[in-house]
Amino acid sequence: MMELISGLPDDVARDCLIRVSYQQFSAVASVCKGWNTEIQMPEFRRRRRTTGHSEKIFVTVQSRVDSDKRESGLLVKAMTNPVFRLSVFEPETGIWSELPMAPEFHNGLPMFCQIAGVGYDLVIMGGWDPDSWKASNSVFIYNFLSAKWRRGADMPGGPRTFFACASDYDRTVYVAGGHDEEKNALRSAFAYDVARDVWVPLPDMARERDECKAVFRRDGGGSGTLRVVGGYRTEMQGRFEPSAEAFDVDAWKWSPLEEEFLDGGACPRTCVDGGDEEGRMYMCRGGDVVELKGNTWQTVAKVPGEIRNVACVGAWEGALLLIGSSGLGEPHMGFLLDLKSGAWAKLDSPDNYTGHVQSGCLLEI
């Protein structure tokens, strides 16, 4: 059997490989069969995480804005016909980059598509075709190991828009609610096994939920709970309700309805899992960042004064990332909150990474 690195014991070679940046994975995989096999193994990903060499990245669906358009006053025109791409921010280095696009996305990502990270995969689901403006149920997957795209099985039940999605970060993406092509709010939900490329229906939710938000909470046993928050029924049309309901993956059933989970009328778009073992959840409400403790939302910080419209939020242990703008047509900017000190730090964002952000998700690679 060949050595992973000539002249080195394999355990030392593995210690070298786990230090490689995620941006070099595809190059590493092409060196030899042994290296490709090694980085594909679940043990490789586990070792990167336990030794502190995994990398957190925040991926956003962001409109492309050329700096010359901003300088010449053409930004508002660009907003009327935006081209969306995948922007990547690395919190530890402050580096921004752009992912390569699938051939099917030559005119940009679908408007209002949803994204979720599962292991080394980024899953892009649904949205409106940028040419025809028709809703789609398509699924595309970008793999960070190979730096290649593949087509996934379509979402069941036909096109849906403004649905919620959440990942267990391991192998499954959950989709819930939204509305169909007749604008009817939906109760249906599904689980997508990314590795097997298989969709499985969940029992229907108790309520129809258009424009709801999904948050997944892992437990110590490797399973977890999917919570679907807010949204509105067909006849309510934009009047958000405060209820939520949780799906126990092990028991495969929904818990009783939580009628007053949110303040009445609050949009749940910024709800996010805290990414820690305490089961925290965060969201932006008015001008505050609030944290769910037990059954009570408590203010932990003020949203930075430069932000009036919050586009998306990401969280991991000890930190919270907020992206938003000061108003319609204004550049989007990011801030990092140290949850221990309560201090905000503004991100240094290049001009071409200040376009409108529709959604985002966190991956640990």
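How many helices and strands are there in the chain? There are 6 helices and 24 strands, counted as DSSP runs from the N terminus (helices are H or I with at least four residues, strands E with at least two).

This is a predicted model, in which local features need pLDDT of at least 70, side-chain atom pairs count only at pLDDT 80 or more, and totals for chains, interfaces and linings use all residues. Residues are numbered from 1 along each chain as its sequence is written, and side-chain values use heavy atoms, with hydrogens and water left out.

**View 1. The whole chain.** The C-alpha trace spans about 70 × 55 × 45 Å along its principal axes. A compact globule of 365 residues would have a radius of gyration near 21 Å, and the chain agrees with 21 Å (taken over C-alpha atoms; the rule is 2.2 Å times the number of residues to the power 0.38). Of the 365 residues, 51% count as buried (under 20% relative accessible area with a 1.4 Å probe, protein chains only).

**View 2. The buried face of helix 3.** In helix 3 (residues 33-40), look for Trp35, Glu38 and Ile39, which are buried. Down the helix axis these buried residues fall within an arc of 90 degrees, so they line one face of the helix (the arc is that of the directions from the axis to the C-beta atoms). The buried residues pack against helix 1 (10-17), helix 2 (25-31) and helix 4 (42-50).

**View 3. The largest cavity.** A search of the whole structure finds 2 cavities of 30 Å³ or more (on a 1 Å grid over the protein atoms alone, a cavity is a set of points where a 1.4 Å probe fits but cannot get out; lining residues have an atom within 4 Å of a point). The largest has a volume of about 50 Å³, the space filled by probe spheres set on the points, which are joined across faces, edges and corners. Its lining includes Phe84, Met111 and Trp133, and divides into 7 nonpolar, 1 polar and no charged residues (Ala, Val, Leu, Ile, Met, Phe, Trp, Tyr, Cys and Pro count as nonpolar, Asp, Glu, Lys and Arg as charged, and the others, Gly among them, as polar).

**View 4. The second largest cavity.** Here the space is about 40 Å³. Among the residues that line this cavity are Gln62, Trp96, His332 and Tyr353. The lining holds 5 nonpolar, 4 polar and no charged residues.

Conventions. Buried < 20%, exposed > 50% of the residue type's maximum accessible area, 1.4 Å probe, protein only. Contact = heavy atoms within 4.5 Å. 1 Å grid on protein atoms, 1.4 Å probe; cavity = no way out; pocket = protein on both sides within 12 Å on 5 of 7 lines; lining within 4 Å.
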